[in-house]
Amino acid sequence: TEEIKLVPFRAAIDLKKNRKYLKYALPPMLILMVILFAAPSLVKDSTARLINNDRDFEREAPFSFVLQEENPTVIQYDDYDLQVEVEGEVFPAEVFINVDNYQYRLTKESETLFTYRFNNLQRTTAFNLFAPGLRGQKVNSKDFEIDVLKKPNILGFDIRLDYPGYTGRKDETIQNVGDLSMPQGTRLSWSFNASNTNSVDLRFNNASETQAAERKGENLFSYQRRALKDETYMLYVSNEHLPFADSIGYALNVIPDLAPSISVEAFADSTQTTQQYFAGEASDDYGLKNLSFNYQKTNSRGQQQPPVSTSIKISGDRNIQYSYAFNLEELDLKPGDQISYFFEIFDNDAINGSKSARTQVMNYELPSIEELEEQEEQNSDEIKEQLKESLKESRRIQEEMKKLREKMLQQKEMDWQTKKELEKLLEQQKKLQEEINKAKEKFEENLQNQEQLSEKSEEILEKQEKLQELLRR
């Protein structure tokens, strides 16, 4: 050793002389290279066993478990169907799963496919698989995990209903009820209590865009809207893993403010036809605001004067009764003038503005001069004829009364027949007086008509004097 230790390796071995033997080394080297690429375990496993000679090595399992979904994922509270493929030289008759230290048998779908259903998964769940192998050896899989995505959820919500002040309704809060009916103009305030939720969105009437609720806290969201018409809306909840994960639909039924209603009945003064009396009723769903009497004058030539409106004091109740008196004489009407008049009521709608309702239009027309003269002429003829007949009847009754009086003087006591004759005469006298009164009414009507005539003809004045003479008789 001492003699050769100083001899270098290159000096001791002459590589040039050994190059001719390289051709014999190439085939084994190529075979080794192929084995390293095609089946590296033949070399590596054996090498590992040689290097780690202090360890015990178990026999390699004849099969292995492969999940069809490499990284199982499921939404919270959903079910998950696990599918396991068995790969190897032999296949087990049974496969089991270990979940939370509980073992369950998988369902065999085919020789190599086994399934198992996880129900209502609420959290990330770990598991492993096992099956009996050769010679009773238990074959275990590595540990697997089903990743459970936390589901956004609405735990509850309140809706505050702020009713329009004019309706008189007291504001209220409703819990966990999304379908609502309310007066038009009500302001709605939602308050959502959510879990695992990053956003709450609302979509109204299938609009293309959603409306985001405002986040008020870790789990609190709020949204406000004014109800003006019937609407449907969808409620969506989302988080970073599950956008628009869940939804539910509701409907808003908006009750519009109805128009008021009004009615009236007219009463004429029997002694004064120009005096009109009215009594009526009006109502509205939320309250009344203003009542007015309106009239417009049109002269005999068809020319209209500006309309006149008179306010009538009322209470703001939902149902009222009213009365009104209207004296046509105050309007200084001329023959042929016409008056049209009606009542109008307004409600207290603060959302769309006050709505109104009117009674039917009533008319009063003063006869023209020609009509007054014609009517007076007709009344005068009727009065004259009626008075003539009344005078004849009066004379007849007086004659009958005279005879009955003489008969009664000859009798000591009034018998039944005499009483009946007397009653009959008294009844005839009563009817006669009624006819005379009717004639007087027509005569007074003529006098009223004549007051409206600017000029009275001599013929009319003469007839009037004769009628007055007849009435005095």
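Q: Why is glutamine 303 called partly exposed?
A: The relative accessibility of glutamine 303 is 45%. Buried means under 20% relative accessible area, exposed means over 50%, and partly exposed is in between (1.4 Å probe, protein chains only). The value of 45% falls in between, so glutamine 303 counts as partly exposed. This is a predicted model: local features need pLDDT of at least 70, side-chain atom pairs count only at pLDDT 80 or more, and totals for chains, interfaces and linings use all residues. Residues are numbered from 1 along each chain as its sequence is written, and side-chain values use heavy atoms, with hydrogens and water left out.

Q: Where does glutamine 303 lie?
A: Glutamine 303 sits in the loop between β23 (288–298) and β24 (308–312). Strands (E, at least two residues) and helices (H or I, at least four) are DSSP runs, numbered from the N terminus. The protein has 28 strands and seven helices.

Q: What makes a polar contact with the side chain of glutamine 303?
A: The side chain of arginine 301 does, at 3.5 Å. A polar contact is a pair of N or O atoms within 3.5 Å; within protein, one must be able to donate a hydrogen and the other to accept it, and residues adjacent in sequence count only if both atoms are side-chain atoms. Glutamine 303 is also in contact (heavy atoms within 4.5 Å) with Lys297 and Thr298, leaving aside neighbours within four places in sequence.

Q: How do you know that aspartate 347 is buried?
A: Aspartate 347 has a relative accessible area of 0%. That is under 20%, so aspartate 347 is buried. Aspartate 347 lies in strand β26. Its side chain reaches the backbone nitrogen of aspartate 349 at 3.3 Å.

Q: How do you know that aspartate 201 has no salt bridge?
A: A salt bridge needs a side-chain nitrogen of Lys or Arg within 4 Å of a carboxyl oxygen of Asp or Glu. For aspartate 201, the nearest side chain of opposite charge is arginine 203, 8.5 Å away.

Q: How many aromatic pairs does the count give?
A: The count comes to 28 aromatic pairs.

Q: Why is the pair of phenylalanine 118 and phenylalanine 127 called tilted?
A: The ring centres of phenylalanine 118 and phenylalanine 127 are 5.7 Å apart, with the planes at 50 degrees. Rings of Phe, Tyr and Trp (its six-membered ring) pair if their centres lie within 6.5 Å; planes under 30 degrees apart are stacked, over 60 edge-to-face and the rest tilted. At 50 degrees, the pair is therefore tilted. Phenylalanine 118 is buried at 5% relative accessibility, and phenylalanine 127 is buried at 2%.

Q: What makes the pair of phenylalanine 278 and phenylalanine 343 edge-to-face?
A: The angle between the planes is 70 degrees, and the distance is 5.3 Å centre to centre. An angle over 60 degrees counts as edge-to-face. The pair links distant parts of the chain, 65 residues apart: phenylalanine 278 is in strand β22 (residues 275–283) and phenylalanine 343 in strand β26 (residues 338–347). Both phenylalanine 278 and phenylalanine 343 are buried.

Q: How do you know that arginine 225 lies over the face of phenylalanine 204?
A: Arginine 225 is 3.8 Å from the ring centre. The rule asks for NZ of Lys or CZ of Arg within 6 Å of the ring centre and within 35 degrees of the ring normal. Arginine 169 also lies over a ring face, that of tyrosine 163, at 4.3 Å from the ring centre.

Notes. Lys, Arg positive; Asp, Glu negative; His and termini not counted.
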